[in-house]
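Hi everyone, thanks for making time.

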Amino acid sequence: MKKNSWWNLLRAIGFLIVFVIVFNFVQMHFGVSDPRSYEAEVGYLKEKPGSLDAVYIGGSAVFEFYQSLFGWSEYGIAVWTYANYSAPVLAMKHYLIEAHKTQPNALFIINMNAFRGWSATTNSAWIHHSVDYLPASLNKYQMIKNLTDHMDTEATLEEKLQYYLPIIRFHSRWNELQPWVFDAAETDYKSSRYSDKLLKQVTDLSKSYIKSDQRLDPPADVQAAFTDLLDYCDEQKLNVLFVTCPQSTTKKAVEHMNSLTDMAVARGYPCLDLLNNVELLGLDMKMEFYNETHTNIHGSLKFSHYLGKYLIDHYGFEDKRGTSGWEDWDKAAEEYNNKIAFYALDFEMDHAERADLDAPKLIRSTAKDQTISIYWELVDGAEGYVIYRKGGGKPWELIKTVKPTTTQYNNINREASVKYTYTVVPYRTVNGEKQYGRFNVQGISKTAGGKAK
Amino acid sequence: MSIVSLQFILFVLAVVLVYYLVPKKIRWIVLLTGSYVFYWLNSKWLVFVLLATSLVTYLFGLLLQWTNDRNREYLSSHPELTRDEKKTLKEKQKKKSRRILSAGILLILGALLFLKYYNFFGDNLNSLFFSLGTNWSVPYLNLLLPLGISFYTLQAISYLVDIYRGKVQADRNPAKFLLFMSFFPQIIQGPIPRYKQLANQLYEGHSFDYQRLCFGAQLMLWGFIKKLVIAERLAIPVNYLFENYTSYTGPILFFAVALYGLQVYTDFSGGMDIARGVAQMLGIELELNFKQPYYASSIEDFWRRWHITMGSWMKDYIFYPLSLSKAFTNLSRKSRKILGQFVGKRLPAFLAMFIVYFCVGFWHGANWKYVAYGVWNGTFIMISILLEDVYVKARKLCRIDEKTVTWRAFRILRTFTIVSVGRFFSRANDLPTALAMFGRTFTNWRNISFLTNGTLLKLGLNDANWIILALFLILLMYVDSKHEKGISFREVFARQHLIFRWAIYIAAILLVLIFGIYGPEYNAASFIYEQF
């Protein structure tokens, strides 16, 4: 080859490399699939390799039951919820392979609820949820092949391409892009969630919740997928814990999961069956789920509390709070707690002495330009007040703690023409611990002045 | 396999790679194999129609060549023949050649006429039989149209006529000839090649040229932008307005047809850029089919810039043969006597032109609307020629300086308007619909507020998409204006710093990927001219 040809070849290869890098970045951000998968899978890669205590793998039940930052706040353990909304049966082994790559020494907690389905077949949306945000790797492409070969309706080669290059399907959403896709702010919560449903919704599961001690063979393809997963765990000598979560499902599904649990136990893996032992969690089945298969924030905090303690007791994970190298978890936990504080209050009140303080009467609210002022009446015995705000697309968040004599708060720089809601919670300190009093859940609302952007 | 699909890009890459890896002598075999694989993937068993047409053309080509050669040999081996004897012999041989040519054309054209126009003629005959009160009827046949048949039929005819005229020698190698007839980048929608221009390029093995490869890829990329970002985006409001035209009157319908004009341009010329780009990557130059048609200052000028290979085909194989035929020469003589010098001199040319535009219209499809489309264009050209003196006088009277930018802009706008309005015929579902839309366009012209009252946002594109469309149309106008001045962007880019060039190319690819209208969220994009 002439010198010139070599140079041209090098240039062409260089161009291809640069293009693939840029394309990968763009596809990651423009292939807007499901932000939850983005947080779990992209955020995971930002964790220092080999640093996490455990990785909790599965479907949506994982991140709706266990809040990693609550586990951190309480016990100082770093457990990442590596999950997405769909989690097809056939994807589970591939998740495990993916998670294992950067955290080889972690405990892998596998949520069995993903295996409750009637077959291993999958569909387009599930595949997108599962693969769109995974970094390019042989495992990813094997996963796509495995999933597309088992779709409920057979896909043509052209249709299959969208899973390898999700931009093919999602590029039309370029004008719906949200700013979060360009920064990692969302992943700062270490895969913990605070969705509206999680925070506010309630579904009564007291009648529909089913448990069973019977066994029933699951469908052959589900059984085969689970066996394949166990084989991989054996082969890699992984430290694995299988967990089931309580939910409202069919008796058959519970019995399938029981059989699968037996298979895991037979191979020598520990199983934490919380589906059939819901009483261990102390869940209020009437109030602490947001739908048939997921806990709301209250149930979630109880589950996180239980599982966190179980991990401390059985695996001896160290408390890393306040230690060097874990500042980002400390900071994220502080922010997350602030975000869910209003909702967590109930949880804290259930676990601690509740102060006998009346709810402050919210007198009025005013708006002058972009400053909103709220006024309340003093509560006897209060040693201070905590002010919460929601609005502008954000859930309740703690914005200020004020003195016991304060009866007015001015909230400046509000977004023009946006409605905000405030409430005030009184507290007092007993034996060095804050005890919160009653508060007005509806709060008081006002729309900020000025012209909308 | 659409030529705007990832599969096509991978297919092209594979062909290019294999092409340059095999020895030069057999590179044409790679092209032939690639072309037939491509045709098979797109049309399956209809490949045999292409094969049959190619073989018929090949055999008739040989026959014509053999007749020509035998005649020439006979004349050269018989120097004793007198001039008159030679002339008689030549005429006799020419008649024979013409009969062979006619038979060949009839067979090739017959396939096109049968497959594309059988049901059209059948429908019209049935209407006629019905109105005559007879019970006769032509049965309807469910015929499949082979991909690119309208294009390769013209290509085959030009090959035979060129042999007949002695312009080219018939191809002796059947396999090579199959390649000439099926070269994959141009088989679907042209450009319509001439044997003399294309065949040798296909047969000789080209050396690898990095710069040419890059230029080809860049041209493809520009084609992708035109097709996927502009044409497919334009198709959304155009389809909506043409499907719901009864809800609209006035300027919005003109707006629809003007957008359609831009859609056809970007769709067809985008496809051409892709075809030419692929060919360039293989070292082959296909003919230019578009030369900034919307910068044309008259309808005649427009047709010199629009679908150039079709225009030149019509000129060489219909217009001139007709104008120079004995019948037309006689007509000219007689019409001059009867109608006078001015009209009589022009009448045969007008008639030939009218036939050409009728054919152009009819070639587009088996529907009277296409005939009307051809006639509309032909009529304007004839009017402009007839009234040329009047125009000159009028311009003088109004003291119009023809060199001014405003006058040129006016002419461009005028041409654009006439061409656009003519497109009612080609785009509407049928001729009555086209006429109805035409009529509605010229009512309620005060209703110009559609541009500002939010109507635009109800045509399938939101504000962000309209902005993208407008920006890309401005880019297209800018690029075309530079091309008009003879500036090649590819050469300009080639002189820039590597980082700048890479940034431009990567940005262009990403623009197509993000702003292109393709994939499962949309219907698969097909080319407008593929159906003709």
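Okay, a word before we start: this is a predicted model. I'd like to begin with an arginine, B:Arg305, which is buried, with a relative accessible area of 11%. What does B:Arg305 form a salt bridge with? That would be B:Asp301, and the closest N and O atoms are 3.2 Å apart. B:Asp301 counts as buried too, because its relative accessibility is 12% and the cut-off is under 20%. Both of them sit in helix H11 of chain B, residues 299-305, four residues apart, so about one turn of the helix.

Over all chains, the structure holds 27 salt bridges. Let's hop over to chain A for a couple of others. Have a look at A:Lys190, which is buried at 6% relative accessible area. A:Lys190 forms a salt bridge with A:Glu47, closest N and O atoms 2.8 Å apart. That one links distant parts of the chain, 143 residues apart: A:Glu47 is in the loop between helix H2 and strand E1, and A:Lys190 is in the loop between H9 and helix H10. A:Glu47 is buried as well.

A:Lys190 also forms a salt bridge with A:Asp328, again with 2.8 Å between the closest N and O atoms. Here the partner is in helix H14 of chain A, 138 residues away from A:Lys190. A:Asp328 counts as partly exposed, at 38% relative accessibility.

Now, how do the chains meet? 22 residues of chain A are in contact with 25 residues of chain B. The area buried between the two is about 2200 Å², and carbon and sulfur atoms give 73% of that. A:Phe15, A:His171 and A:Trp174 supply 29% of the area chain A buries against chain B, more than any other three residues.

One last stop, back in chain B: B:Gly422, in helix H17. At 0% relative accessibility, B:Gly422 counts as buried. Beyond its neighbours within four places in sequence, B:Gly422 is in contact with B:Tyr373 and B:Trp376.

Methods. Residues numbered from 1 in each chain as written. Chains lettered and ligands numbered in written order. Predicted model: local features only at pLDDT ≥ 70, side-chain atom pairs only at ≥ 80, totals over all residues. Heavy atoms only, no water. Contact = heavy atoms within 4.5 Å. Buried area = accessible area lost by both parts, 1.4 Å probe. Helix = DSSP H or I, 4+ residues; strand = E, 2+ residues; numbered from the N terminus. Buried < 20%, exposed > 50% of the residue type's maximum accessible area, 1.4 Å probe, protein only. Salt bridge = Lys/Arg side-chain N within 4 Å of Asp/Glu carboxyl O.
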